[in-house]
Every structure is written in C-alpha cells, then in structure tokens.
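Please read these notes with the sequence and the 3D view open. They are numbered so that each can be checked on its own.

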Amino acid sequence: QVQLVESGGGLVQAGGSLRLSCAASGRTFSRHNMGWFRQAPGKEREFVATILWSGGSTSYADSVKGRFTISRDNAKNTVYLQMNNLKPEDTAVYYCAADSGSGSYYYKTYTYEYDYWGQGTQVTVSS
C-alpha cells in the first residue's frame with residue numbers, strides 16, 4: 001500500500017514558477033513508476049508527466065514539454081514537478097500517482113495504469 005501527499009500548489013502569475021512535491025509512504029517507493037496528472041474544472045483528468053522507477057527516464061505531455069520537469073528522490077520517497085513559464089491554461093488540480101510497483105519499463109500515461117493517487121493540490125495561474 002502506498003499513500004501519497006502532494007504539496008506546493010498555489011496562486012502564481014503567468015510566467016511564474018511553482019514546484020510541486022509528492023511524498024510517498026511505504027518501503028517500495030523506488031519500485032514504482034510515478035506520474036503527475038491534472039484536472040481542470042469540467043474537464044477529464046489528463047496526463048502531465050511520468051518518471052520510471054529507475055529514475056533515469058521521463059515523458060511529458062506535449063502541452064508542458066520544455067516547461068515542466070519531473071524528478072524523484074528515492075532516498076526521500078518523493079517525486080517533484082518543477083513548473084516554469086506557467087500559463088493560465090495550466091490552472092488545475094494536480095495529482096500525483098503511483099503504479100503497482102512491478103518495476104515495469106514503459107511510460108504510463110493513462111489514469112487506469114496507476115493504482116495509488118494523492119488528494120491533489122490546486123494550481124492557479126492568473127493572466
């Protein structure tokens with residue numbers, strides 16, 4: 001069982017930056033592929049970024065590529081999302097997710113591929 005707690009959201013002006021953190025419980029964090037998703041009002045939850053359990057490989061949605069960076073610190077059981085050059089369309093609740101921990105080596109970009117979710121953190125970007 002993995003419990004996830006996000007933090008770091010807030011209100012920022014367009015062009016600004018935020019760094020989200022997701023702290024995970026449990027001793028198997030290093031075996032889980034991790035992902036960030038977001039959900040804007042009235043829209044479906046969408047993929048933002050993912051990082052493999054080994055930590056060396058990442059994948060991003062086209063809408064955030066070049067602006068967002070996902071990283072992880074397995075010693076701290078934490079995954080991060082650095083968000084730069086934020087735009088109003090980035091406004092959403094951001095969720096951290098963990099897969100089953102099977103140690104798979106492929107990028108997971110669909111919500112059904114993840115087994116554990118955090119409660120979400122609000123990011124609001126003003127124009």
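1. The model is predicted. Residue numbers start from 1 along each chain.

2. How many aromatic pairs are there? The count comes to 6 aromatic pairs. One of them joins F37 and Y114, whose ring centres are 5.3 Å apart with 80 degrees between the planes, an edge-to-face arrangement. This pair links distant parts of the chain: F37 belongs to strand 4 (residues 34–39), while Y114 sits in the loop between strand 9 (92–98) and strand 10 (116–117), 77 residues apart. F37 counts as buried because its relative accessibility is 1%, and the limit for buried is under 20%. Y114 has a relative accessible area of 5%, so Y114 is buried by that limit as well.

3. Another ring pair is made by Y110 and Y112. Their ring centres are 5.5 Å apart and their planes stand at 20 degrees, so this pair is stacked. Are these two residues buried, partly exposed or exposed? Y110 has 48% relative accessibility and is partly exposed. Y112 reaches 66% and counts as exposed, because the limit for exposed is over 50%.

4. Ring pairs also build a cluster, whose members are F37, F47, Y114 and W117.

5. Two arginines are placed over aromatic rings. R31 lies over the face of W53, 4.5 Å from the ring centre. The charged end of R72 sits over the ring of F29, and its distance from that ring's centre is 4.5 Å.

6. Which strands does strand 3 pair with? S7 has S21 in strand 3 as its bridge partner. Strand 8 (residues 78–83) is also antiparallel to strand 3, with 6 bridges between them. Here R19 has Q82 in strand 8 as its bridge partner.

7. Strand 3 is mostly covered, with 5 of its 7 residues buried. L20 is located in this strand. L20 is buried because its relative accessibility is 0%, against a limit of under 20%. The C-alpha atoms of L20 and C96 are separated by 9.4 Å, although the two residues are 76 residues apart along the chain.

8. Next come the charged side chains. Side chains of opposite charge can pair when their charged atoms come close. How many salt bridges does a search of the whole structure find? The search finds 5 salt bridges. In one of them, the side chains of R38 and E46 meet at 2.6 Å, N to O. R38 counts as buried at 6% relative accessibility, whereas E46 is partly exposed at 36%.

9. R38 also meets the side chain of D90 in a salt bridge, at 2.9 Å, N to O. D90 lies in the loop between strand 8 and strand 9 and R38 lies in strand 4, so the pair ties together parts that are 52 residues apart in sequence. Both D90 and R38 are buried. Salt bridges with shared partners join R38, E46, R67 and D90 into one network.

10. A further salt bridge is formed by the side chains of D62 and K65, at 3.1 Å, N to O. D62 has a relative accessible area of 67%, so D62 is exposed.

11. What is the nearest side chain of opposite charge to E113, a buried residue without a salt bridge? It is K108, 6.2 Å away. A salt bridge needs a nitrogen within 4 Å of a carboxyl oxygen, so E113 has none with K108. E113 is found in the loop between strand 9 and strand 10. A polar atom of the E113 side chain lies 2.9 Å from the backbone nitrogen of T109.

Definitions and conventions. This is a predicted model: local features need pLDDT of at least 70, side-chain atom pairs count only at pLDDT 80 or more; totals for chains, interfaces and linings use all residues. Side-chain values use heavy atoms; hydrogens and water are left out. Rings of Phe, Tyr and Trp (its six-membered ring) pair if their centres lie within 6.5 Å; planes under 30 degrees apart count as stacked, over 60 as edge-to-face and the rest as tilted. Helices (H or I, at least four residues) and strands (E, at least two) are DSSP runs, numbered from the N terminus. Buried means under 20% relative accessible area, exposed over 50%, partly exposed in between (1.4 Å probe, protein chains only). A charge sits over a ring if NZ of Lys or CZ of Arg is within 6 Å of the ring centre and within 35 degrees of the ring normal. Two strands pair if DSSP finds at least two bridges between them. Lys and Arg count as positive and Asp and Glu as negative; His and the chain ends are not counted. A polar contact is a pair of N or O atoms within 3.5 Å; within protein, one must be able to donate a hydrogen and the other to accept it, and residues adjacent in sequence count only if both atoms are side-chain atoms.
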